[in-house]
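This report describes a ligand site and a set of charged side-chain pairs. Please consult the sequence and the structure shown below while reading.

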Amino acid sequence: MHDHSDHPLDCGCGAHGDAGDTPVAEAPNTLYDALFRPHIDTARPFLHWQGRPIGYARFLRLAARIANALRAAGLGPGDRVAVQVGKSPTALALYAGAVQAGIVYLPLNTAYTPAEVGYFVADSGARLLICAPQAEEALHGADEAPPILTLSDDGTSGRFHDLLSGQPDVAEVAARGPGDLAALLYTSGTTGRSKGAMLTHDNLLSNARTLTDLWRFTQDDTLLHALPIFHTHGLFVATNVTLLAGGALLLEPAFDAARAIGLMPQATAMMGVPTFYTRLLNDDGLTRELTAHMRLFISGSAPMLADTHAAWTARTGHRILERYGMTEVNMATSNPHDGDRRAGTVGLPLPGVELKVCDAEGRDVPRGEVGVIELRGPNVFKGYWNMPDKTAEELRPDGFFITGDLAVQSPDGYVTIVGRAKDMIISGGFNIYPKEVEAALDAVPGVLESAVVGAPHPDLGEAPVAVLVAEPGAALDPDAVLAAVAPQLARFKQPRHVALVDALPRNTMGKVQKAVLRDRFAQVFTRPRAR
Ligand code: MLC
Ligand code: AMP
């Protein structure tokens, strides 16, 4: 019998308890066998959601129903399922169900506009799109739209959910090897179209194993999980490490500092982007007593200021462990669990990951000099979906991936990121490519040209500033320009400050001098406002 008949994971048939002896077919499936199969009969909580525990076995029965539902929708091994839904236990089980059915999981930022989603779906050739009910109408209009099924933000209703209730909670496990694709994650490009990074079962598993070991995660851990589950950080790092260790997640729909403080007593560890830490520091509820029992605080996805590290240590007594990664390579470096955690650095290359700091030709620069980070190892992706040319530009024939991140390495190996060769802005842990924003701005009537640069932002780390030049005789209204680009660009990509100038600064070659603009607008978000 169910303990809670309105439980979000109930299928409605009233037949399933938490412990069980669910039989599962024995096909080898690299990721399923390591992350999920060991927990099939585990009654221990995997998730805590809205104050209720959800056992591993219960979660995996939902995943099995999802695997069956995806098959019933016509998908088979190697097909892509695109998913743009709110964060919920069902949304997390979609990832597990896709792995079980051998289907390639393609999660999408919930902030993406229908125009953006339309591109990802068409480019990936997804056979099914699962989206929020409120997004469905606009997505139907997208080019080459596949069938759409809906799932509500809390994962408890919608046509996809309806399909689940008729499915058995035991499912065949599709045979998948280490080199088979597990996920396709889109990253924006410095020029042109977004690229789908192909991540294999072994990319994800090898990285999860390394991190679980390095960060000492065990069954006794409960991770405060307030990250989105459509990116590497929240979906793979946080979730896979917890699954491998057999620990639990305090699953929050989004980050809220007051809620995080309220939940902290139940947690042993937290992973977050720097904005989580600066927002927590702004809350008086963050104290040494509150965090005394915590085992580990981890930060990544964007640079953390040394000041934030210092303020955190002063307030809580803990040293934040900073690590560095990216969609294409999962995690690449980390400060040590037991050794010296150096603020302002991203630590040492992970065991099994080769890291070089190189010149443009891929030759090592001397230690202490700035170069581009190149990486090789089992964590490095297989290439960009259907883009052999782009893959060849960034993955060298010897297997090294050119990250575009500029760094120096200390004599004892610690890596400090000092900039980006690519023109990217990181806002609250989300990446923004100026080219994409500039293309949208340039298409607005009255805009002659535009340049987008990042400026330091006290909450988000960086935020985009648009510098516009009007066509002769045109009077530009910044609000109208922003309204014009809104339908095409996810909200987080939209400029938070617009400046009108007579001309963009250019060098003698005619290239826009972004560095000059970055200097000029460096204080738009930090300067105290005139009264
Ligand atoms: C939301 N908004 C953002 C934003 N997130 N704007 C800029 N940058 C962001 N990151 C906008 C919304 O559109 C809204 O705009 C307003 O801010 C408030 O929305 P919200 O939903 O209340 O946002 P908030 O809760 O404040 O979210 C901020 C955040 C969140 C930082 C908590 O963005 C977040 O969880 N970021 C984590 C990103 C992440 O996981 N990155 C990992 C990538 S993987 P308006 O105008 O409508 O009010 C990777 C590899 C690696 O990088 O190394 O890990
Ligand atoms: P994404 O493409 O979303 O995976 O973003 C990856 C990028 O985030 C990297 O290329 C880095 O530029 C940046 N990044 C991730 N972690 C860190 C970190 N700890 N410090 C600085 N930059 C980081």
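Arginine 176 is buried, at a relative accessible area of 17%, where buried means under 20%, exposed over 50% and partly exposed in between (1.4 Å probe, protein chains only). The model is predicted: local features need pLDDT of at least 70 and side-chain atom pairs pLDDT 80 or more, whereas totals for chains, interfaces and linings use all residues. Residues are numbered from 1 along each chain as its sequence is written, chains are lettered from A and ligands numbered from 1 in the order in which they are written, and side-chain values use heavy atoms, without hydrogens and water.

Side chains of opposite charge can pair when their charged atoms come close. The whole structure holds 23 salt bridges, each defined as a side-chain nitrogen of Lys or Arg within 4 Å of a carboxyl oxygen of Asp or Glu. Three of these pairs are tabulated here.

| Salt bridge | N to O distance |
|---|---|
| Aspartate 79 and arginine 127 | 3.0 Å |
| Aspartate 180 and arginine 176 | 3.8 Å |
| Arginine 506 and glutamate 449 | 2.4 Å |

Arginine 506, in the loop between β24 (497–500) and α16 (514–520), and glutamate 449, in strand β22 (residues 447–457), are 57 residues apart in sequence, so their pair ties together separate parts of the chain. Helices (H or I, at least four residues) and strands (E, at least two) are DSSP runs, numbered from the N terminus. Arginine 506 is partly exposed at 38%, and glutamate 449 is also partly exposed, at 21%. In the other pairs, aspartate 79 is buried at 15%, while arginine 127 is partly exposed at 39%; aspartate 180 is partly exposed at 27%. A network of salt bridges links Asp423, Glu438, Lys514 and Arg518.

Ligand 2 is surrounded by 16 residues, counted when a heavy atom lies within 4 Å. The closest are Glu322, Arg323, Thr327, Asp405 and Asn431. Strand β13 (residues 321–326) gives the most to this shell, with five residues. Domain 2 (255–421) and domain 3 (424–520) each supply at least three residues; the domain bounds come from an automatic or database assignment.

Polar contacts are pairs of N or O atoms within 3.5 Å. A backbone N or O atom of serine 301 lies 3.1 Å from a nitrogen atom of ligand 2. Oxygen atoms of the ligand lie 2.7 Å from a polar backbone atom of threonine 327 and 2.6 Å from a polar side-chain atom of aspartate 405.

Definitions and conventions: A polar contact is a pair of N or O atoms within 3.5 Å; within protein, one must be able to donate a hydrogen and the other to accept it, and residues adjacent in sequence count only if both atoms are side-chain atoms.
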